[in-house]
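Hi everyone, thanks for making time this morning. Let me put the structure up, and then I'll walk you through a few spots in it.

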Amino acid sequence: MGVTNSNKTIDVERISCGDTFKVTLALAAAPDIVNNPTDIVLVLDRSGSMAGSPLANLKLGARKFVEIIEEATDGTPDGQIGSGSRIGIVSFASTATQDTQLITSVADLNTAIDNLTAGGNTNHAAAFEQATQLFDPASSNAKVMVMFTDGKTTAGPDPNPVAAAARAQGIIIYCIGLIGSDGIDPAVLDEWATDPNASHVAITPNDEDLEELFEDLAANITKPGATNISIREQLNDEFRISNILSPSKGTAIMLNDTTLRWNMDALGTTDNEGATLEFYAEHIGDTSGTLPVNESIQYSDTEGNIVTFPMPDIDVECEIVVHEDCPTPVDFSIEGCEATVEYDAGDVDLESCGRILELDARLKNVCPNKRVALAVYLSEVDDEGQEYPRGLKTLTIPAHTQASCRDVLVRCIKFVLPEDLNVSGDSDGNMCTTRELKARFIAHYIDSGYDCCGQIT
C-alpha cells in the first residue's frame, strides 16, 4: 500500500509573541496491495450540506480513487479491479445505504458514485454500521474503510462505539474531513480513525482539495510500504525549534535552529504501521498576523512514495510597540597619548544634566486606522504637597492597520530631571535622594471622522 497518509498538525490556533507551541508530524504506511489483496469501503457523506460543489468534487475524488486502485491491481485499465482486491460504496445522510457490495466492476462503482444526491441530516453511526457489514470476517484480505464527512453528527446514536467495534475487527479506518457549513470536530475524527490518529486523518477547508486527497490516498495504497525514509522539516524564520521529543519510530536530529531531519529505516513493510514525531516551536519574530509555520518540508524514500504534508498557519498576536527616537549621537575621537581634547559639539538642545526618566504607557483598545494624540505632563511634589512642573511631552501615535482594536505600547517617553531643580529631596545635587513625581496622561483620537457641516478639509 505504500504511504497511506501523511499529516502535520499544531496544538493551538493562536499564540502571543514569544509563545511556544507543539508540532506533530505523522506518517502511516502499509504493504503492497498487489501482494496483499485489500477490501476497501468508501463511506461517503451525502447530507444536505454537501449540495453543490462539495458533492461534485467528492464524486471526482471518489472516481479517481477507484481508477487508481483498478490500474494498480492488474496493471491495465480494463475496467476490473484485480489481484483479489475489491471496493464497496456506502453513502449516508439521515440513514445509510450500501450502494454496492464489495465488487470489482469499475463501471458499477462509478455509477453508484454518480448517483449520489445531497439531502438530509448526518448519521455517522449508521454509516459505520453499514460499512462494517460489507466486510467478510472470514476473508484474509486486508480491510480498509475510508470515511468522508463534512460535518458533525446530527442524527442517530453516538458513532464512537460503532467505529471502535470496526477497529476491533481489524478494519483500518481513515477519515477525510471537509470543513463544511455545519463545521467539523477534528477530535471526533481522531476518535474514529485508526491509531496513530494524526497519520490517519486529513482535513481541508476547501472542497476543491478533495480530488487530490482521495488521489494521494489511493496512489499510496498501491505501493509497498516505505524504506529509507527521510523527512526534512524547515520552519519559517519567525520561529525556531526549541525542543524535539523522541519519535515513536526512527531518529530525529536538529540541523539548525529552524531545521530538523527525521529518518526511519522502514515503515509499513509487513503490516499497517504509523509513526509520529513531536517537537516544540517558539515564536522569535516581531510580526503579527497569520503566519505559515513551515518554510518547507521535504520527503523521500526508496520506493518513491508521493507524500505531501499540510502546511499549517498560526495566528500570532504581538503588542504594537512605538519607540520615541533617541538623540542623535555626536561622534568624536581622542588620539593616542592625548590627556585632554577640545571638541565643538555644535548646537545642543536645552537638556540639563541630571536623572533621565523614561515612562512607558499602554493605550488600551486603540481602533484600527486612527492616530492618537498623547500628552504626558510631569510634575514634582515638595514636602508640602506643592507641585512644580517638570516637563510636557506631546506625541502623535501612528495608526495601526490590524483587523481589530489593539493595545499600543508607547515606550521610552523621556524626561530630564536636573538635580538643581530637586524640591522633593536634598537640593545639593545628591542623586541618592528620593524625588517625588506625578505623571498625568491625556490621550484622544486625532482621526474621529467627525465633519462639522462639511467644513473640515
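Before we look around, one term: when I say polar contact, I mean a pair of N or O atoms within 3.5 Å, where, inside protein, one must be able to donate a hydrogen and the other to accept it. Please also keep in mind that this is a predicted model.

With that in hand, go to threonine 122, in the loop between α2 and α3 (124–134). Its side chain and that of serine 47 are joined by a polar contact of 3.4 Å. Is threonine 122 buried or exposed? Its relative accessible area is 1%, so threonine 122 is buried. Beyond its neighbours within four places in sequence, threonine 122 touches several residues, including Asp45, Phe92, Thr149 and Lys152.

Now to the helices. Helix α1, residues 53–74, packs against helix α2, residues 106–114, at an angle of about 170°, and their axes are 10 Å apart. Because of that angle, α1 is roughly antiparallel to α2. On the α1 side, the contact uses Lys59, Ala62, Arg63, Val66 and Glu70, and α2 brings Val106, Leu109, Asn110, Ile113 and Asp114. Sorted by class, that gives 5 nonpolar, 1 polar and 4 charged residues.

Last stop, the sheet. It is open, with 4 strands in the order β1-β3-β14-β11 and antiparallel pairing. At the edges sit β1 (2–10) and β11 (239–244), each pairing on one side only. On average, neighbouring strands are turned by 25° against each other, direction ignored. β11 and β14 (residues 273–283) pair over 5 bridges, and arginine 240 has glutamate 282 of β14 as its bridge partner.

How values were computed. Residues are numbered from 1 along each chain as its sequence is written. This is a predicted model: local features need pLDDT of at least 70, side-chain atom pairs count only at pLDDT 80 or more; totals for chains, interfaces and linings use all residues. Side-chain values use heavy atoms; hydrogens and water are left out. Axes are lines fitted to C-alpha atoms, for helices over the stretch in contact, and angles run from 0 to 180 degrees between N-to-C directions. Helices (H or I, at least four residues) and strands (E, at least two) are DSSP runs, numbered from the N terminus. Angles under 35 degrees count as roughly parallel, over 145 as roughly antiparallel, 65 to 115 as roughly perpendicular and the rest as oblique. Contact means heavy atoms within 4.5 Å. Ala, Val, Leu, Ile, Met, Phe, Trp, Tyr, Cys and Pro count as nonpolar, Asp, Glu, Lys and Arg as charged, and the others, Gly among them, as polar. Two strands pair if DSSP finds at least two bridges between them. Buried means under 20% relative accessible area, exposed over 50%, partly exposed in between (1.4 Å probe, protein chains only).
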